[in-house]
Amino acid sequence: MAMFLKRSFSYRNFLLLRNFANPSRNFSFFVYDLCNPWTSEMPGAFALPPADFIRESRRGFAKGRKSNESSTSMAEALPDIRPTIKANASSQMEAAISALSGELSKLRTGRASSGMLDHIIVEISGVRMPLNQIAAVSVLDSKTLSINPYDPNTLKNLESAIVSSPLGLAPRVDGERLIAVIPPLTKEHIQAMCKLVTKCCEDSRQSIRRARQKAMDTVKKMSSSYPKDDMKRLEKEVDELTKKFIKSAEDLCKAKEKEITGG
């Protein structure tokens, strides 16, 4: 439509200039003839002379061109927020998986694991530190752990901390190290551990879904400024990310349950 009007005005400008160059022709009648070619009545004089008409036409087209260019530049200037939203959601979901892994490692199973003592806090000279920062834990066999302190003077502190932990271990001193035998799990203990695993898994799911909801809220706020198709595509990508991390959490919990039950 804009191109049609531009061509029409350009043709009219040409005719006006030709008429202006021919003083014998009545300008006001000529303009009226262009607008009303089938009438013979002549109205009053045309308000604008040819030069003013051309100048105003050019100004109008220039304004329209500037308006279109400015709107286009504004659309192009919008940053692509999709990678940022996805990265933030992914970071929060990964944190939920890390927290789940840490909680599961605290649960005692029937098998020895070098990470099962990491959460134990040892107090030395009034300073509380995680056990894995003051001793190296290794697996001697499926039922036995070896705890080797970096400083032999902390051996008694390590022993006291392990005994007072909820793992139910009774380590013995073997030279400059401790030996901890993992006792077999009772049926009641196995059931209790499985319930804790289920709870940890649900907590992780909720954390992942909260991260998804935050991402969706951000998408909703920005939807008025971005193309609808891009926002729909981003929502789909966040949903796929959510399913991926929930599956990871469920796989970790299933593996832990299998470890606890010995299946």
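In this predicted model, the largest nonpolar core holds 30 residues, and Met93, Leu104 and Ile208 are the ones that touch the most other members. Two or more residues of this core come from each of H4, H6 and H7. H6 supplies the largest share, with ten residues. A second, separate core has 21 residues, among them Ala112, Leu117, Ile162 and Leu178. As a general background to both, nonpolar side chains in soluble globular proteins tend to be buried together.

Once neighbours within four places in sequence are set aside, Leu104 is in contact with Val197, Cys200, Leu252, Cys253 and Lys256.

**Overall architecture**

The chain contains seven helices and six strands. Read from the N terminus, the elements follow the order α-α-α-α-β-β-β-β-α-β-β-α-α. Of the 263 residues in the chain, 30% are buried. Among contacts with a separation of 6 or more, 61% are between residues 24 or more positions apart.

**Helix H7**

Helix H7 covers residues 228-261, and its 34 residues should span 50 Å at 1.5 Å a residue; the C-alpha atoms at its ends are 50 Å apart, in agreement with that expectation. The buried residues of H7 are Met231, Leu234, Val238, Leu241, Thr242, Phe245, Ile246, Ala249, Cys253, Lys256 and Ile260. An α-helix has 3.6 residues a turn, so residues three or four places apart point the same way. The buried residues of H7 pack against helix H4 (82-105) and helix H6 (187-222). After H7 comes Gly262, with a positive phi near 75°.

**The four-stranded sheet**

Four strands make up an open sheet in the order E3-E4-E6-E5, with antiparallel pairing. Strand E3 (135-141) and strand E5 (172-174) are at the edges; each has a single partner strand, so one side of each lacks a neighbour in the sheet. From one strand to the next, the twist averages 30°. The pairings are set out below.

| Strand pair | Sense | Bridges |
|---|---|---|
| E3 and E4 | antiparallel | six |
| E4 and E6 | antiparallel | four |
| E5 and E6 | antiparallel | three |

Individual bridges can be followed across the sheet. Ser138 has Ser146 in E4 as its bridge partner, and Ser146 in turn has Ile179 in E6 as its bridge partner. Arg172 stands opposite Ile179 in E6. In a regular strand, side chains alternate between the two faces of the sheet. E5 and E6 form a hairpin with two residues between them, and Gly175 in the turn has a positive phi of about 70°.

Helix H5 (residues 155-163) lies across E3, E4, E5 and strand E6 (177-181), and runs at about 20° to E6.

**Loop residues**

Ser165 is placed in the loop between H5 and E5. With a relative accessible area of 11%, Ser165 is buried because the value falls under 20%. Its side chain reaches the backbone oxygen of Ile162 at 2.7 Å. Ile162 is also one of the residues of the second core.

Thr109 lies in the loop between H4 and E1. Thr109 is buried, with a relative accessible area of 2%. Leaving aside neighbours within four places in sequence, the contacts of Thr109 are Ile182, Leu185, Lys256, Glu259 and Ile260.

Ser125 is found in the loop between strand E1 (121-124) and strand E2 (127-130). Ser125 has a positive phi of about 55°, although it is not a glycine. With a relative accessible area of 77%, Ser125 is exposed.

Note on methods: Residues are numbered from 1 along each chain as its sequence is written. This is a predicted model: local features need pLDDT of at least 70, side-chain atom pairs count only at pLDDT 80 or more; totals for chains, interfaces and linings use all residues. Side-chain values use heavy atoms; hydrogens and water are left out. Two strands pair if DSSP finds at least two bridges between them. Axes are lines fitted to C-alpha atoms, for helices over the stretch in contact, and angles run from 0 to 180 degrees between N-to-C directions. Contact means heavy atoms within 4.5 Å. The expected span of a helix is 1.5 Å times one less than its number of residues. Buried means under 20% relative accessible area, exposed over 50%, partly exposed in between (1.4 Å probe, protein chains only). A polar contact is a pair of N or O atoms within 3.5 Å; within protein, one must be able to donate a hydrogen and the other to accept it, and residues adjacent in sequence count only if both atoms are side-chain atoms. A nonpolar core is a set of buried Ala, Val, Leu, Ile, Met, Phe, Trp, Tyr and Cys residues joined through side-chain atoms within 4.5 Å.
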